[in-house]
Amino acid sequence: MLRIMEKKENPFLKGCLNNERAMLILMSIYGGIVLIICYDVVRILRRIFPAKLFRVIVEDAIYWTFASIFMFNIFLRYNYGKPRFFSVIMALGTMAVFEWIIGRKIIDALALRIKKLGRILAKPLKKLCKVVKLIFYKVIKNIRAKKEKKNAGRKRKKSHVKAKHHKAKKNKE
């Protein structure tokens, strides 16, 4: 009778669980790669535009908030929202290995190249900005001149009406 009550493991279900775990591991590795690439972008931007401590704290808080939402979505889709120890370790391990092998070398090189590109593009952009400013100031100047002409005409008409009214008052007296 005890044999009847014992659960027999279905080999098909055991395979499904292993497939789910394998998919969770692969998606954890994928999540780790995506997260470290996004963080490397943040770090490159910090090298280009130097940041003070407060900005670094805010950027990190925003990054880790979105990172946790991203990883939770992976856990939700592939493991019913349960973060497994091995999947978290896989994601963090992927991030560490990526950073150790590739990250630091790429960050310095990209930050340097982007700074150089910014300097190269800055010169023509400064000239373009000057041209745009000159055109903008001329357009504003023309608009102001037209407004002043309209206002001058209105003031002359009003002063002419006031003068007639003033003369009429003097004549009555």
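Is Arg 43 buried or exposed in relative accessibility? Arg 43 counts as buried, at 17% relative accessibility, where buried denotes under 20% relative accessible area, exposed over 50%, and partly exposed the range in between (1.4 Å probe, protein chains only). The structure is a predicted model, in which local features need pLDDT of at least 70 and side-chain atom pairs count only at pLDDT 80 or more, whereas totals for chains, interfaces and linings use all residues. Residues are numbered from 1 along each chain as its sequence is written, and side-chain values use heavy atoms, with hydrogens and water left out.

Salt bridges were assigned where a side-chain nitrogen of Lys or Arg lies within 4 Å of a carboxyl oxygen of Asp or Glu. Under this rule, six salt bridges are counted. In one of them, Arg 43 pairs with Glu 99, with the closest N and O atoms 2.9 Å apart. Because Glu 99 lies in helix H4 and Arg 43 in helix H2 (residues 11–48), this pair ties together parts that are 56 residues apart in sequence. Helices are DSSP runs (H or I, at least four residues), as are strands (E, at least two), and both are numbered from the N terminus. Like Arg 43, which is buried, Glu 99 counts as buried, at 12% relative accessibility.

A salt bridge is also formed by Arg 47 and Asp 108, whose closest N and O atoms are 2.8 Å apart. This pair links distant parts of the chain, with Arg 47 in helix H2 and Asp 108 in helix H4, 61 residues apart. Both residues are partly exposed: the relative accessible area is 36% for Arg 47 and 43% for Asp 108.

Within helix H3 (residues 53–79), Arg 55 and Glu 59 are four residues apart and are therefore separated by about one helical turn. These residues form a salt bridge in which the closest N and O atoms are 2.8 Å apart. Arg 55 is partly exposed at 32% relative accessible area, as is Glu 59 at 22%.

A nonpolar surface patch of about 650 Å² is made by Val 97, Trp 100, Ile 101, Ile 102, Ile 106, Leu 110 and Ile 114. Patches comprise residues with over 30% relative accessible area and no salt bridge, like charges being joined within 9 Å and nonpolar side chains (Val, Leu, Ile, Met, Phe, Trp, Tyr) within 5 Å; accessible areas come from the Shrake-Rupley method with a 1.4 Å probe, and for residues only the protein chains shown count as cover. Ile 101 is located in helix H4 (residues 85–172) and is partly exposed, with a relative accessible area of 43%.
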